[in-house]
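Thanks for coming, everyone. Please put the structure up on the screen, and then I will walk you through one chain.

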Amino acid sequence: MGLSPLPIDANTTHESISPNWVTTRLDFLANWGRSNSLWPMPFGTACCAIEFMATAASRFDIARFGMERMSFSPRQADVLICAGRLPFKLAPVIRRIWDQMPQPKWAISMGACASSGGIFDNYAMVQGIDTIIPVDVYVPGCPPRPEGLLYGIMLLQKKIMGETMADPSLRVEHLVGPDGLFRRPELIDEISEPFGNSVHQTRSA
Amino acid sequence: MLQPYIPILLLLGFVVFNAVVIIAASTFLSSYRPTATKQAAYESGMPVIGDARERFSVKFYLVAMLFIVFDIETVYMIPWAVAFQQMKEFSGVLLLEMLTFVVILGVGYIYIWKRGALQWD
Amino acid sequence: MSDTVAALRAKFGADILRAHVVCGQTVVYVSNAKAHAILAWLQQDPDQLFNYLTDITCVEYRDAERELEVVYQLRSLDRKADLRVKIPLDPDGALEVRSVFDLWYGADWLEREAWDMFGVKFRGHPDLRRILMWEGYSEGFPLRKSFPLRGHWSRAEQTRQALEANPEAYYSLEELSISEAYRELPLDVRERLAKAGKVLP
């Protein structure tokens, strides 16, 4: 599996329930409830946060999706929306906030900078928050239009509707490993490789 | 004889049943995955400095206590008012009794006022 | 060319290296040894009165022949005049100038930024530590030309260093605004604050 995070210690296996008609009905109920009342934690750092605010305002209205109640405390949030570029200085903060969110939780990486580092391919910016936290939906754009973010939210809703309680790989806490990293170092280097116009920036020693 | 209280009993039963169902459902259906960081205090993503056990000012206790005393005084006034209405021939005596009660408590009120217990800062 | 230059040359003579005008701004180059005295005179002399320090920054040019300059942008609020003072330094040598914190308190964070980004030490600064990068950042000084755009280390290593950094590792008592309540702080916080005064590398 390509982007699978480091597994946490082997003691945290969870028994899987065998799927039957009851579990599928309960699944539908739980997933319907979860996907239609996702309380976002807006981790807005930069310009994408403005577009997120625009999405939350009346014209594009994420209240239609049950997301108008922003939770600025991770304790009451379902989905972490990282809107904006993430400096390395802010990396332990978002990691800690992600760790403090209770299950079930999802993450949306909004914008080019959160997804891949965007135009900031330099010493100070995290090249995609998926090197630090597990991301469910990536929304491209610089910044994405509100319709784009809404499409990403709808994709997340589809993903949640497809979940099942019989899946033991869901609702597992993926912590930072003992070496201090969330993903394998080779993988971090691979997904942080410059691409597009970045390869022409030759001012590297 | 207790006929009108049956709906209250039904309501009580329903409330207890509802609470039990909600707690049981969340116990069985929730995914409880505690980790050390998750259970630490939330300080905007920063590591925690100190604990949240702060010393409480005793003023809160004082205000609460005084409130209770004068609230009970008000509570005593209510059945007195009902009795007053039913015993109109003794109205003068009853009024005098209540005024005595209020004056006794008023002395206490003036005492705490002068001692500065009503001063918040 | 503003008349400040002539006044400077009259007062300090050979310590004023050169001066020119660029985009309507007067730029004066001064020697490092007398820079603090010159800046103090510029601030205090009644004809100059450059009482507002707009910015302190550094510039290193791609041309290896040119020097690294510490740039002070001054403004006189009363006379509505600007002046740019530059101290040329050898980019390979010791990058050290005297701090102007005693003249303008605003130099506090401006000099911290110059230290963080270029490695220029400001002698006499009360609290010279990193400001934009985090306290324990040891990769180098990012805006130097010798520092690669993407940093020296691999992305995995940078991510690991970033996740291990404690954003609150160093706070001065003033920043925490609890200097009066020092006695009542918990023990670990007091220990951490007692170690203050040590500039982390």
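**Chain C: confidence, a helix and a hairpin**

Over residues 197–201 of chain C, pLDDT stays under 50. For those residues the model has 7 contacts beyond four places in sequence. Remember, this is a predicted model.

How does chain C score on average? Its mean pLDDT is 87, and 88% of the residues score at least 70. Now go element by element. Strand β3 of chain C, residues 52–59, has the highest mean pLDDT, 96. Helix α5 of chain C, residues 173–176, has the lowest, 52. For the model, ipTM is 0.83 and pTM is 0.79.

Next, helix α3 of chain C, residues 107–118.

Which residues of α3(C) are buried? Among them are C:L110, C:W115, C:M117 and C:F118. C:E111 and C:D116 are buried as well. The buried residues of α3(C) pack against β3, β4 (68–76) and β7 (121–123) of chain C. After α3(C) comes C:G119, with a positive phi near 80 degrees.

Last stop: the hairpin. Strands β1 (residues 16–22) and β2 (residues 25–30) of chain C pair in the antiparallel sense, over 6 bridges. Which residue is the bridge partner of C:R18 in β2(C)? That is C:Y29. The hairpin of β1(C) and β2(C) has 2 residues between the strands. In the turn, C:C23 has a positive phi of about 50 degrees.

Methods: Residues numbered from 1 in each chain as written. Chains lettered and ligands numbered in written order. Predicted model: local features only at pLDDT ≥ 70, side-chain atom pairs only at ≥ 80, totals over all residues. pLDDT = per-residue confidence, 0-100. Helix = DSSP H or I, 4+ residues; strand = E, 2+ residues; numbered from the N terminus. Contact = placed C-beta atoms within 7 Å. Expected span 1.5 Å × (residues − 1). Buried ≥ 20, exposed ≤ 12 C-beta atoms within 10 Å, placed from the backbone. Pairing = 2+ DSSP bridges.
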